[in-house]
Amino acid sequence: MTKLSVNINKIATLRNSRGGNNPDLVKVARDCERFGAEGITVHPRPDERHIRYQDVYDLKSVLATEFNIEGNCREQKFVDLVLANKPAQVTLVPDAEGQITSNHGWDTIKHADYLKEMVALFQSAGIRVSIFVDPVVDMVKAAALSGTDRIELYTEAYAHNYYDNREKAIVPYVAAAHKAHELGIGINAGHDLDLHNLKYFAESIPGLLEVSIGHALISDALYLGLENTIQMYLKQLQHH
C-alpha cells in the first residue's frame, strides 16, 4: 500500500499572507493525520516564505506519523535543521535559491561524491534518506551508489503529459522504478500528482512506497473539504 504524505507548504503560505496564526499550521497537520494522512511533508526554503524553521520544531514535537523534510542540503541551515529534528525521512532536492517550486532532479552522476557524503551524514543520525531524481535510469543507478535508502521520482513530466498519452507518459517512470528495485532502493514520488492522474501512476509503478502531495490536495480541499479530500486521495492509492 502506497502511503500518502500531505505537503502543508500551502497552508503556511496562507497563514503568512496575513501575519497571524490562521490557519494554524500545527493544527492542520494534526488534522491531516486524523483524517488519514500517513505522513506530513514540509519543504522549508531559506527565505521562509511558507514553512518557517520554527514550524519544523513545532511540528516535530506533535506529529504521530512519518515526518518528511524536503530541501536543499547545500544550505547548512537546512542540514542543521534536519539534524536537530531527526525526522523519519529527509528528501534531498537540488533547489536554486528563490525558486518558486522544484523543477528538476539531482544530476546524481555529476554530484555523486557530494550526495554520498550527505546521505551518510543523515543516515548516521538515524534519518532515512530519499534523493529527488528525474525518471532516468542512469540517474537512478548513480543515486543507488550514494547509499541512499530511496529515490523520489519527480512526476511533473508525467502529470504534464498525462492527458495527451498516459501510457507514453508513464514509460520512463516504470523503467526507473524497475531499476530502483533491481538495485534495492525504495521509491517515492511527487510533484503535480492529483485526483485525476494519481491512480494510474500508483497502479503502474511497482512497489511505490510513498507519494507526497501538496498543491493539488490543498486546492481540492477548498471545494471538497480537507477530510473528504484526504479520503479521496487515499482511495486513489487503494489498488491492491
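Author: One aromatic cluster is made up of Tyr158, Tyr162, Tyr163, Tyr173, Tyr200 and Phe201. The model is a predicted one, and the values below are computed from it. The number of aromatic pairs comes to eight. Among them, Phe132 and Tyr154 are tilted, with 5.2 Å centre to centre and 50° between the planes. Phe132 belongs to strand β5 (residues 128–133) and Tyr154 to strand β6 (residues 150–154), so this pair ties together parts that are 22 residues apart in sequence. Phe132 counts as buried because its relative accessibility is 3%; Tyr154 likewise counts as buried, at 7%.

Tyr162 and Tyr163, by contrast, form an edge-to-face pair, 5.1 Å centre to centre with 85° between the planes. Tyr162 has a relative accessibility of 10% and therefore counts as buried, whereas Tyr163 is exposed, with a relative accessible area of 60%. Both residues are members of the cluster named at the outset.

Arg74 lies over Tyr114, at 4.0 Å from the ring centre, and Lys77 lies over Tyr53, at 4.3 Å from the ring centre.

The backbone has its own points of note. Most residues other than glycine have a negative phi, and most peptide bonds are trans. Against this background, the peptide bond from Asn22 to Pro23 is cis, with omega near 0°; Pro23 is placed in the loop between α1 and α2. Lys86, in the loop between α4 (76–85) and β4 (89–92), has a positive phi near 45°, and it is partly exposed at 45% relative accessibility. Asp192 also has a positive phi, about 65°; this residue is found in the loop between β7 (186–190) and α8 (198–204) and is partly exposed, with a relative accessible area of 41%.

At the start of α2, a side-chain oxygen of Asp24 comes to within 3.0 Å of the backbone nitrogen of Val26. The helix spans residues 25–34, and its buried residues are Leu25, Val28, Ala29, Asp31, Cys32 and Glu33. Their cover includes β1 (3–7), α1 (9–16), β2 (39–42), α3 (53–60) and α10 (226–236). Just after α2, Gly36 adopts a positive phi of about 120°.

Definitions and conventions. Residues are numbered from 1 along each chain as its sequence is written. This is a predicted model: local features need pLDDT of at least 70, side-chain atom pairs count only at pLDDT 80 or more; totals for chains, interfaces and linings use all residues. Side-chain values use heavy atoms; hydrogens and water are left out. Buried means under 20% relative accessible area, exposed over 50%, partly exposed in between (1.4 Å probe, protein chains only). Helices (H or I, at least four residues) and strands (E, at least two) are DSSP runs, numbered from the N terminus. Contact means heavy atoms within 4.5 Å. A polar contact is a pair of N or O atoms within 3.5 Å; within protein, one must be able to donate a hydrogen and the other to accept it, and residues adjacent in sequence count only if both atoms are side-chain atoms. Rings of Phe, Tyr and Trp (its six-membered ring) pair if their centres lie within 6.5 Å; planes under 30 degrees apart count as stacked, over 60 as edge-to-face and the rest as tilted. A charge sits over a ring if NZ of Lys or CZ of Arg is within 6 Å of the ring centre and within 35 degrees of the ring normal.
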